[in-house]
Amino acid sequence: MNTQKVFVLLALLLPVNWLVISYCHDQPALSPMGFMAITIGVAELLVCYLLYAHEQNFDGWLQSWLQVQPYGNVWQPLILQGVAVLCLAALGSKVWKRRLRFDIDIFTIMVINSWMLANFEQSNISSLSFLGIELILLGGLVSASYQMAFHDELTKLPGRRALVSDLKHASRHYCMAMTDVDHFKKFNDTYGHDIGDDVLKLVAAKLGDVTGGGKSYRYGGEEFAVVFRGKSAEECRPHLEALREVIANYPLSVRNKNSRPEDDKQGKKQRGQTPKKAKTTHVTISLGVADRVAGETYEEVMKRADQALYKAKENGRNRVEFSN
């Protein structure tokens, strides 16, 4: 198969395949999108095999379709350009709406592919472009591995490993608060685990907006941590009290299964609105706070913050207690 035919196949298949990867990478193989991706892949392999194994049978048709002349069949390169533009537009729309790292990486790769194909006659252009693509994929793999290891999927907060790593490299002076949701087990038993997940997401969202320069983490279960670098417990007090009050005063809608949104689009319409028949409830958190004392390890600071948290529970919950 000559270079011209390989070029056309690359120009047609590369943008289509990157688009399929973008839309189907997180779909199960047996889902409609997964089945579509498998079907497209099998069809492409079959076409490439037929073109390679039976090139002579298709040679006349290929020559008439692939022949590009300065003033001849201009529709063929226009088709290749159109496919690339349509794929870039479809993925660009997805990037604009979601702005996820994976989609941005795939969009960048498609731009590099288009640049490579537009300058295909240049020496080493394919090597340079594929080197760039490999670097982007490697960076995406490292980023995805970090997200899996250090971030909590449910709450989108940094996880326990991130907390330990940050504390190990923290400055000598910092303040740490351990917090959890009051009566969370009872809440789960009453309303179900789906509503329990909503509670954790709500608390995490408010913790993520904590003022005073605090950084929040999900420690595990319904327990979270907030770290203030370079601040004392007294300096953190107003920020933690404000955080506690914001969560306690937030009305949480408790919907039954029939009233819950069926998809993201419906969920966006309902977000911020209280359904007519929805029941509202409130959740509270308790917090235990500890300053790092010179010479203490992060485990010792965390233990004192935990002890202060237990004290807050014993003293009635929905309060902030400080370690002695």
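Student: Is Y191 buried, partly exposed or exposed in this structure?
Tutor: Keep in mind that this is a predicted model. Y191 has a relative accessible area of 25%. Buried needs under 20% and exposed needs over 50%, so Y191 ends up in between, as partly exposed.

Student: And what about F187, buried or exposed?
Tutor: Its relative accessibility is 10%. The cut-off for buried is under 20%, so F187 counts as buried.

Student: Which residues make up the aromatic pair that a search of the whole structure finds?
Tutor: That search turns up one aromatic pair. Its rings sit 4.7 Å centre to centre with 50° between the planes, which is a tilted arrangement. The partners are F187 and Y191.

Student: How far apart are F187 and Y191 along helix α8?
Tutor: F187 and Y191 both belong to α8, and they are four residues apart there. Because of that spacing, their separation is about one helical turn.

Student: Which element gives the largest share of the largest nonpolar core?
Tutor: That core has 30 residues, and V199, V203 and V289 have the most contacts inside it. Several elements supply at least two residues each, among them β1, α8, β3 and β6. The largest share is seven residues, and it comes from α9.

Student: Where does D182 sit in the chain, and is it buried or exposed?
Tutor: D182 is found in the loop between β1 (174-181) and α8 (184-191). Its relative accessible area is 7%. Since buried means under 20%, D182 is buried.

Student: Which residue's side chain has a polar contact of 2.7 Å with the side chain of D182?
Tutor: Leaving aside neighbours within four places in sequence, D182 is in contact with T284, I285, S286, K313, R317 and N318. For N318, the backbone nitrogen lies 3.1 Å from a polar atom of the D182 side chain. The 2.7 Å polar contact between side chains is with S286.

Student: What is phi of N318 near?
Tutor: N318 is in the loop between α12 and β7, and at 26% relative accessibility it counts as partly exposed. Its phi is positive, in a residue other than glycine. The value is near 55°.

Student: And what is phi of R317 near?
Tutor: R317 is also placed in the loop between α12 (298-314) and β7. With a relative accessible area of 31%, R317 is partly exposed. Its phi is a positive value in a residue other than glycine, near 65°.

Student: Zooming out, how many of the residues count as buried, as a percentage?
Tutor: The protein chain has twelve helices and seven strands. Of its 324 residues, the share that counts as buried is 37%.

Key:
Residues are numbered from 1 along each chain as its sequence is written. This is a predicted model: local features need pLDDT of at least 70, side-chain atom pairs count only at pLDDT 80 or more; totals for chains, interfaces and linings use all residues. Side-chain values use heavy atoms; hydrogens and water are left out. Buried means under 20% relative accessible area, exposed over 50%, partly exposed in between (1.4 Å probe, protein chains only). A polar contact is a pair of N or O atoms within 3.5 Å; within protein, one must be able to donate a hydrogen and the other to accept it, and residues adjacent in sequence count only if both atoms are side-chain atoms. Contact means heavy atoms within 4.5 Å. Rings of Phe, Tyr and Trp (its six-membered ring) pair if their centres lie within 6.5 Å; planes under 30 degrees apart count as stacked, over 60 as edge-to-face and the rest as tilted. A nonpolar core is a set of buried Ala, Val, Leu, Ile, Met, Phe, Trp, Tyr and Cys residues joined through side-chain atoms within 4.5 Å.
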